[in-house]
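Here is a short tour of one protein chain, from its overall build down to a handful of residues. Have a look at the sequence and the fold, and then read on.

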Amino acid sequence: MRIVNVAAAQMGPIQKADSREAVVKRMIALMDEAKAKGADLIVYPELALTTFFPRWYVEDRAEFDNWFEREMPGAATKPLFERAAQHRMAMNFGYAELTPDGHHFNTAILTDKSGKIVGKYRKVHLPGHVEYDTKRSHQHLEKRYFEPGDLGFKVWRELGGIIGMAICNDRRWPETFRVMGLQGVEMVLIGYNTPSVNAEKSEEGVEKRLFHNRLSVQAGAYQNATWVVAVGKAGVEDGHPLFGGSLIVDPNGEIVAEAKTEDDEVLVHACDLDATTFGKTTIFDFARHRRIEHYGLITSQTGAMPPPEK
């Protein structure tokens, strides 16, 4: 067996007024709890250092550069890296990245057990819109403040296995998991900040949204025979509710751990990476069963094109 003890570190709300230092203290407390439970790897949500600022509109997007990290680790986040190294615990978390040449990304990183960054992912599937939308119950302006990720869906050999990353809306797209599956991924780490209310369909309740969260993660895990660790931010953040529902899913698509609160909460599960072998060598043995001669539309077009009407 190749066991990785994974901690899914769900976070309660981060208010607009909360400092980076205060948030990092919360993250360290979760890490200490995970260590006490024997974790080798801790996974935090998307935009783990700040409130979900894309819910607000400003004319000059540069006004929001204060939400972005110009270096990682920086002064505020260095204690988190130091504690991870002290605990000999790998970690994954998301943040808003401002590159030296002025690009803005919704980013996640993976460290090894020494606290060294070994992998970086930038969110590919940005949801929402660019301009203020009066028809929405609340704004979702990721397309305004971020650029689509430019690093693709890479995987890394770490913790004795093959690890991949994705962020939030990426989990809803089967291509996300399949590209990593084609690289033999054995564990996918996903952070998210998902509103409890659909801005364009208010009658859709939180239970339906939690259903879609589970459905996306479980399907991705099963269809690629991989573990998936999906970790959310939750609770009422600056007046806007986010659902939690953080979960760990095994390579059969079964939920093995799931959050019960909308607060800071740690789930720890022993994930055997060898449990991915059966699916990868039977029904999802890609080399034997995939028929790529029929999949051309997946990369040759974006929008749906129905056949001509008779």
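Let us begin at the surface: the protein chain exposes about 14,100 Å², and carbon and sulfur atoms supply 54% of that area. Please keep in mind that this is a predicted model.

**The whole chain**

The protein chain contains eight helices and 15 strands. Its radius of gyration is 19 Å, close to the 19 Å that the globule rule gives for 310 residues, so the chain is as compact as a globular protein of that length. Along the principal axes, the C-alpha atoms fill a box of roughly 55 × 55 × 40 Å.

How much of the chain is buried? Of the 310 residues, 54% are buried. Contacts can be viewed by sequence separation too: of those with a separation of 6 or more, 69% are between residues 24 or more positions apart. As for charge, the chain carries 38 positive and 43 negative side chains, and the centres of the two sets lie 3 Å apart.

Thr-51 has a relative accessible area of 0%, which is why it counts as buried. Which residues does Thr-51 touch? Not counting residues up to four places away in sequence, Thr-51 touches Ile-14, Gln-15, Lys-16, Trp-56, Trp-67, Lys-233, Glu-237 and Asp-238. With Glu-237 there is a polar contact as well, side chain to side chain, at 3.1 Å.

Thr-50 has a relative accessible area of 4%, so it is buried. Beyond residues up to four places away in sequence, Thr-50 touches Ile-14, Arg-20, Trp-67 and Lys-233.

**Two histidines**

His-138 is found in the loop between strand S5 (117-122) and helix H3 (142-145). Its relative accessibility is 14%, so His-138 counts as buried. The side chains of His-138 and Ser-137 are joined by a polar contact of 3.0 Å. Leaving aside neighbours within four places in sequence, His-138 is in contact with Pro-195, Val-197, Asn-198, Ala-199 and His-240.

His-289 has its place in helix H7 (residues 286-289). Is His-289 buried, exposed or partly exposed? The relative accessibility of His-289 is 40%, so this residue counts as partly exposed. Once neighbours within four places in sequence are left aside, His-289 is in contact with Thr-282 and Ile-283. A polar atom of the His-289 side chain lies 3.2 Å from the backbone oxygen of Thr-282.

**Positive phi values**

Leu-159 has a positive phi of about 55° although it is not a glycine. This leucine lies in the loop between strand S6 (155-158) and strand S7 (161-167). Ala-225 also has a positive phi, near 50°, and is a residue other than glycine. Ala-225 is found in the loop between helix H5 (206-224) and strand S10 (227-232). With a relative accessible area of 1%, Ala-225 is buried.

**An exposed alanine and some distances**

Ala-36 is found in helix H1 (residues 20-36). Its relative accessible area is 71%, so Ala-36 is exposed.

| Pair | Apart in sequence | Apart in space, C-alpha to C-alpha |
|---|---|---|
| Ala-36 and Ala-234 | 198 residues | 23 Å |
| His-289 and Ala-29 | 260 residues | 46 Å |

Technical notes:
Residues numbered from 1 in each chain as written. Predicted model: local features only at pLDDT ≥ 70, side-chain atom pairs only at ≥ 80, totals over all residues. Heavy atoms only, no water. Helix = DSSP H or I, 4+ residues; strand = E, 2+ residues; numbered from the N terminus. Rg over C-alpha atoms; globule rule 2.2 N^0.38 Å. Buried < 20%, exposed > 50% of the residue type's maximum accessible area, 1.4 Å probe, protein only. Contact = heavy atoms within 4.5 Å. Areas by Shrake-Rupley, 256 points an atom, 1.4 Å probe, with all protein chains shown as cover. Lys, Arg positive; Asp, Glu negative; His and termini not counted. Charge placed at Lys NZ, Arg CZ, Asp CG, Glu CD. Polar contact = N/O pair within 3.5 Å; in protein donor to acceptor, adjacent residues only side chain to side chain.
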